[in-house]
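Take a walk through this structure.

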Amino acid sequence: MNRRRVVLLGASGSIGTQALEVVRAHPDRFEVIGLAAGSDHATVTAQAREFGVPTVAMADPAAAAAVRDAAPGVDVLDGPGGVEELAGMDADLVLNGITGAVGLAPTLAALRQGTPVALANKESLIVGGDLVVVAAEAAGGRESHLIPVDSEHSALAQCLRGGRRDEVGRLVLTASGGPFRGRSAVELGAVTVEDALAHPTWAMGPVVTCNSATLMNKGLELIEAHELFDVPWDRLDVVVHPQSVVHSMVEFVDGSTIAQLSPPDMRLPIQLAMSWPDRLPHAFVACDWTQVAQLTFEPVDRTTFRALDLAEFAGRRRGTWPAVLNAANEVAVEQFFAGRIGFLDIAEVVERTLMAWDGEAAGNPRDLADVLAADAWARRHAAAALTASNVSAGGGDRPNARTTGESA
Ligand code: MG
């Protein structure tokens, strides 16, 4: 069997290093032909050596120079353009594990080349929306060319194999609830960065972990599910499931629900995405039914965790709205990490930025430039909304996606 030639973007991050564990477990299945990362040149140099990777791209030019010095035999591209070029090279699969909106351009580059993308960079679908969907359809189809890596969407893709598309009633995403599950807004006023980064079940990068604490991660995942599976907003739901064993569920029209279960370990969805649609006969982990286990479910608290409604508000409107939501959130999270704003201010900044955006005037983005313009505006606006007096002033009309959003 020919080995699948894989380009790995975000190689030094949480998804990237776990993807290489999958390659290590299946050297007969995968060949890594390209690695891209931001600035962690030491990790990428070691990876290129271990896996015999011929081409590397580093977004940071200084880091690219360091890889060139340390690994003279490796072809090294640099800058964001270099990462895009690597994504567009001839390959069987591009695994995009980049965090943030910077992951969009490489996703589009891969799809334009006709290469299926295993997508861990949820921002591609959130910020890029229509652009990515159209590029995937042109490349051969949404289902074959956008392969979910996120555990929830991997679960949904697996459960969707259990029936026809016209038999699907609802997609139900599970949320761990993060470290602050059960707390009130008052209790969340004084939580620290350290508290927000102590996720009870998943080990992930810092931005995703903070997004899990605000539930913005689940909001972004709802948008991602809407774009990936083309299911209307009224048939997308979230339920809190603290154990993170049921990764999501599909409810069919006859009331039957099919769920996907496995211990919280990203190597499973990463491995499945890399070998999609096949399963590989190697389990990193599986449920152990000899141990006492409890699986519990509870409704989500949308009043305390406002990020969910904000995401639905933006996601229902589509166009540039989700790009603005995401950019404002990225700025707010950065400022929270820097100690400049409190935990609850993250949603406040996102809401203020959404309320100031004229998405109707901006219309539907025609290309990457339109999306990036909305993204840049949102970053400027969010940064300006961050002065302490502004943030603590609070308030205004709060969007409620359930009552004000039109169905998509
Ligand atoms: Mg997830």
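Buried means under 20% relative accessible area, exposed means over 50%, and partly exposed is in between (1.4 Å probe, protein chains only). By that rule, aspartate 150 is buried. Glutamate 152 is buried too.

This is a predicted model: local features need pLDDT of at least 70, side-chain atom pairs count only at pLDDT 80 or more, and totals for chains, interfaces and linings use all residues. Residues are numbered from 1 along each chain as its sequence is written, and side-chain values use heavy atoms, with hydrogens and water left out.

Now the metal. Which residues are the protein donors of the magnesium ion? They are Asp150 (OD), Glu152 (OE) and Glu221 (OE), lying 2.1 to 2.5 Å from the ion. Donors are N, O and S atoms within 2.8 Å of the metal (3.2 Å for Na, K and Ca); water is not among the atoms, so sites may look incomplete. Along the sequence, the donor residues follow the spacing D-x1-E-x68-E.

Next, the backbone. Most residues other than glycine have a negative phi, and most peptide bonds are trans. Aspartate 230 has a positive phi, near 55 degrees. Its place is the loop between helix 12 (216-229) and strand 9 (236-240). Helices (H or I, at least four residues) and strands (E, at least two) are DSSP runs, numbered from the N terminus. Aspartate 230 counts as exposed because its relative accessibility is 54%.

Arginine 318 also has a positive phi, about 60 degrees. It sits in the loop between helix 14 and helix 15 (321-337). With 25% relative accessibility, arginine 318 counts as partly exposed.

Proline 277 lies in the loop between helix 13 (267-275) and helix 14 (307-317).
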